Amino acid sequence: MRPKKAKKIVFNSAEDMPTMICSVGSQTHNLTGAWRNIRPEMDRTKCIKCGMCWKFCPEPAIEVVGEWPVVDYDYCKGCGICAEECPAKCIAMVEERR
Amino acid sequence: MKKVIMGNHALSYGAMLSRAQVISAYPITPQTQVVELLSEMCADGTLNAQFIKVESEHSAMASCIGASAAGARAFTATSSQGLALMHEMLHWAGGGRHPIVMGEVNRSMAPGWSIWADQNDSLSQRDTGWMQFYCASNQEVLDTVIQAFKVAETLMLPAMVILDAFALSHTYEVVDVPDQALVDKFLPPFKPAIKLDPADPRAFGGLTGSEHYMELRYKLEKDMEKAPALIEETGREYEKLFGRRLGLIDPYRCEDADFVFVTSGTAGYTARVAVDELRASGVKAGNLRMKLFRPFPFQAVREVLAKVKKAAVVDRNCSYGAGGIFYQEVKSAVYGWPGMPPILGYVTGLGGRDITTDSFKEIAAHAAARDRADEEIVWIGVKK
């Protein structure tokens, strides 16, 4: 499971920064789901729980919770690979409205 | 113990004595024997290291970066097209501050397909955040690998140890292979302050916004600038233990010279013979062999050139449209400093064409008739 949201790290000078680029700009506050134009929506009446969407998601922004795949919209960029790969065709890509 | 070994094996012995823990490489002529010997050493237990066979040079460098991030001392070697294929990963090693040491055999870039020496392969990688050492003897190759690990791990910067294809890589010379115990005294185990550790998880090289990126690059540049002084210091420390001086430059008969060649690699030793012969014929010549190219040893170069009347930079490389690369850098090192001599540039020896004492005499004669640099690139030994 995703950890709790961390506080954004800001270094005020080069001296404060580590030599190696590690954990700078943590993904816990950089929610890349904001890039999304279309969102996957799953129809559980058609879902066969095969796990293909979970396997193909490159982000990865699909978790299997209990038996069902669940999209993490904080990180899903709306690429549509899950909808393309779903053998039951239960994922629709719907225009994002904000 | 003295051994007669080829330049490539001098790299292997350097990595062995440095107790490299991960070696990942892909074979390419003329580098192949470097990793052949290391793989034999890993197989027979001479060297306690993980040898990773990969499908490309890009992967070789990627696995060295992973190993280094996990706190292991990593070594690889490549040449020419292989180095070019590594290009993206070279930035990851430099920018990510992974102190990997790599043997790099200077081989000209294709096309035309060529396996012979010139420096365009390594010089094309000058802006990747790697230190670059150019060697002229097998002894220097071995000593430089050990020193490079020490400097690299102190500054957290990767380093290339560079030697000419065939002229050094396949040439056998007597090399004093130091005792392991003495090398251990010089080079302690690699213990990075930050490393990949499942008990303390971190992401390396992640997304870095404009509020932090520039400071990280500023730190890299500042650490690069510390390298010349540290190389002098570790060179003196090395001399105390092994009796051989390692430094930034190798001046030969420069103190009272009117005219000096600026050279690098094996041509730097041929130049010494030419200097002696020119001196016998009345020309007060000298030779400044560049050992360190990145970071550029500005001050050391200026100190030598301030005392001479004219310098000719001999480049076994060409930045097409701008001339020899060492030439450009030497010129910029003296620019704006009063009392500096005119610096002239010559391109020769591309694709493994021999650079002989006659080449140097031709350069000396040509330079005698010039008193200022012009933009025309002067080619020596080309069939025009």
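Buried area is the accessible area that two parts lose on being put together, summed over both. Keep that in mind for the interface.

First, a caution. This is a predicted model. For chain A, the mean pLDDT is 88. In that chain, 89% of residues reach 70 or more. Among the elements of chain A, strand β2, residues 62-65, has the lowest confidence, with a mean of 96. Helix α2, residues 81-85, has the highest, at 98.

Now the fold of chain A. It has two helices and four strands. From the N terminus, the order is β-α-β-β-α-β. Chain A has 98 residues, and 32% of them are buried. Take the contacts in chain A with a separation of 6 or more: 64% of them join residues 24 or more positions apart.

On to the interface. How much area do chain B and chain A bury between them? About 1,600 Å², with 66% of it on carbon and sulfur atoms. Three residues stand out on the chain B side: B:L207, B:H212 and B:K219. Together they supply 34% of the area that chain B buries against chain A, more than any other three residues.

Next, the contact count. On chain B, 21 residues are in contact with 16 residues of chain A. What about polar pairing? The rule finds four residue pairs in polar contact across this interface. It finds zero salt bridges there. Helix α9 of chain B, residues 213-242, gives the largest share of the side touching chain A, with six residues. By class, that side of chain B has seven nonpolar, seven polar and seven charged residues.

Technical notes
Residues numbered from 1 in each chain as written. Chains lettered and ligands numbered in written order. Predicted model: local features only at pLDDT ≥ 70, side-chain atom pairs only at ≥ 80, totals over all residues. Heavy atoms only, no water. pLDDT = per-residue confidence, 0-100. Contact = heavy atoms within 4.5 Å. Buried area = accessible area lost by both parts, 1.4 Å probe. Salt bridge = Lys/Arg side-chain N within 4 Å of Asp/Glu carboxyl O. Polar contact = N/O pair within 3.5 Å; in protein donor to acceptor, adjacent residues only side chain to side chain. Nonpolar A, V, L, I, M, F, W, Y, C, P; charged D, E, K, R; others polar. Buried < 20%, exposed > 50% of the residue type's maximum accessible area, 1.4 Å probe, protein only.
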